[in-house]
Amino acid sequence: MSERKPDAAPVRVALLGCGTVGTEVVRLLHEQADDLTARVGAPVEVAGVAVRRPNKHRDVPAELLTTDAAGLVDSDVDVVVEVIGGIEPARTLLLAALRSGKSVVTANKALLAEHGAELFEAADASGADLYFEAAVAGAIPLLRPLRESLAGDRITRVMGIVNGTTNFILSAMDGTGASYAETLEEATQLGYAEADPTADVDGFDAAAKAAILASLAFHTRVTAADVHREGIASVTASDVAAARELGRAVKLLAICERVVGEDGSESVSVRVHPAMIPRSHPLAGVNGAFNAVFVEAEAAGQLMFYGQGAGGAPTASAVLGDLVAVARNRVVGGRGPRESAYADLPVRPMGQTPTRYHVSLDVADRSGVLSQVAAVFAEHDVSIAVVRQQGRGEDASLVVVTHSAQDAALRSTVDKIAGLPVVREVVSVMRVEGEEP
Ligand SMILES: NC(=O)c1ccc[n+]([C@@H]2O[C@H](COP(=O)([O-])OP(=O)(O)OC[C@H]3O[C@@H](n4cnc5c(N)ncnc54)[C@H](OP(=O)(O)O)[C@@H]3O)[C@@H](O)[C@H]2O)c1
């Protein structure tokens, strides 16, 4: 029997923000009104749309527009959809909504990565829902699979490309051999990078998403401040060329890992940095502004989630999916998943995280160079997986790929090697992910 209750009271929605994402939310709510009513079991009605500059929004019926977001949240609504972005006033508005028992759907990664715990506590106290599928990887269903579908499994690793701007830049550098600065300029002209690209290129956006992914995957509270973050501004054309020669591609990765220490104790490592991955790895083929996330779980094995990680309509798709879920809960009763942070695993400092390095050196063309370099690796207890010496005279170079070692040991090794008289220049240093070489 259908759950449809045509006479059921409408689910009233406050929409906060009507920009790139909000405009598409309004459009889809309007265009799919009948289907949404059938799927929810009651009509979904927009009670108001809060914006900063109402004159700019000619497509939205004037009687729905307001600049008083707090008043709209406080009015007779059941669900608050937030697509304003940033910390304030979004945080205050959503806390007010949750505290008064209104369910919340948000696309705001920055807010969740910094104040997720506070929002979840407010939701739990009132029994309201807090959904945020659109906050990570846009249209790609990823958080619901982590929160629900994989809730019976043990996730060991989540590794992904979660920022389209940096992926566009790195893909273009790989394709053309151009420098980072040239490629960033092109990305800005094409609209793939913002006028101020800091949040993307310095890894802040990806770090917020990594914090959210790690929190869900490992049932542990992880904030953006816990995430080790390196951006792509220092990736050179030589790094990209060096990767290419080794059959690898450079990607900005968000990596969330369960690390088991020698004594069996568990911790999580959460980091964002550029890394070389084998071209045969599924993430290496993710180009341009697309996102993809690779999940490894003990029973499920390897899973890959791929699709459009941004843009108005794709992100609105995820927002609408959440809206249908929370509206259904309102109509039929019940709640979606709460915060699950019971595992409370410690976050491992980057220096103690096992990683692998690729080091490319310009060296003097002399006998004994290799043994001097190898001795520094051995001194730091770093074992070498691949070494390649090539060229003569001015062109002599040495490429070393290590086995897994603590990041701090790898860093000290590189620092010491840079000071060796036989080393003319450290051309490229980059972490390596993917299979052991
Ligand atoms: N764009 C994407 O592709 C994408 C993808 C995934 C997630 N997200 C997330 O979605 C959220 C929205 O992004 P967006 O790109 O749609 O942003 P946007 O285009 O900048 O739109 C922001 C909207 O919020 C309104 N606003 C700003 N301050 C306000 C205030 N104090 N009170 C009421 N309204 C206010 C603005 O009003 P005016 O229009 O009047 O200025 C605008 O309509 C962010 O959290 C973002 O991280 C976006």
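View 1. The model is predicted, so local features need pLDDT of at least 70 and side-chain atom pairs count only at pLDDT 80 or more, while totals for chains, interfaces and linings use all residues. Residues are numbered from 1 along each chain as its sequence is written, and side-chain values use heavy atoms, with hydrogens and water left out. Rings of Phe, Tyr and Trp (its six-membered ring) pair if their centres lie within 6.5 Å, and planes under 30 degrees apart count as stacked, over 60 as edge-to-face and the rest as tilted. This rule gives a count of three aromatic pairs. One of them joins F168 and Y192, whose ring centres are 4.1 Å apart with planes at 15°, so the pair is stacked. Because F168 belongs to helix α7 (residues 164-176) and Y192 to the loop between α8 (180-189) and α9 (198-201), the pair ties together parts that are 24 residues apart in sequence.

**View 2. F290 and Y306 form a stacked aromatic pair, 5.3 Å centre to centre and with 10° between the planes.** F290 lies in strand β11 (residues 290-297) and Y306 in strand β12 (residues 301-308), so this pair ties together parts that are 16 residues apart in sequence. Helices (H or I, at least four residues) and strands (E, at least two) are DSSP runs, numbered from the N terminus. F290 is partly exposed, with 32% relative accessibility, and Y306 also falls in the partly exposed class, with 47%.

**View 3. The ligand is surrounded by 22 residues, the closest being C18, V21, R53, H57 and G311.** Polar backbone atoms of C18 and V21 each lie by an oxygen atom of the ligand, at 2.8 Å for C18 and 2.9 Å for V21. An N or O atom in the side chain of H57 is likewise 2.9 Å from an oxygen atom of the ligand. Taken alone the ligand exposes 900 Å², of which the protein buries 79%.

**View 4. The cysteines C18 and C256 are both buried, with relative accessible areas of 6% for C18 and 0% for C256.** The structure holds zero disulfides, a disulfide being a pair of cysteine sulfur atoms within 2.5 Å.

**View 5. The peptide bond from E88 to P89 is cis, with omega near 10°.** P89 is placed in the loop between β4 (79-82) and α4 (90-99).

View 6. A137 sits in the loop between β6 (130-131) and α6 (143-149), and A137 is buried, with a relative accessible area of 0%. D344, by contrast, is exposed at 58% and is found in the loop between α12 (312-332) and β13 (354-355).

Technical notes:
Near = heavy atom within 4 Å. Polar contact = N/O pair within 3.5 Å; in protein donor to acceptor, adjacent residues only side chain to side chain. Areas by Shrake-Rupley, 256 points an atom, 1.4 Å probe, with all protein chains shown as cover. Buried < 20%, exposed > 50% of the residue type's maximum accessible area, 1.4 Å probe, protein only.
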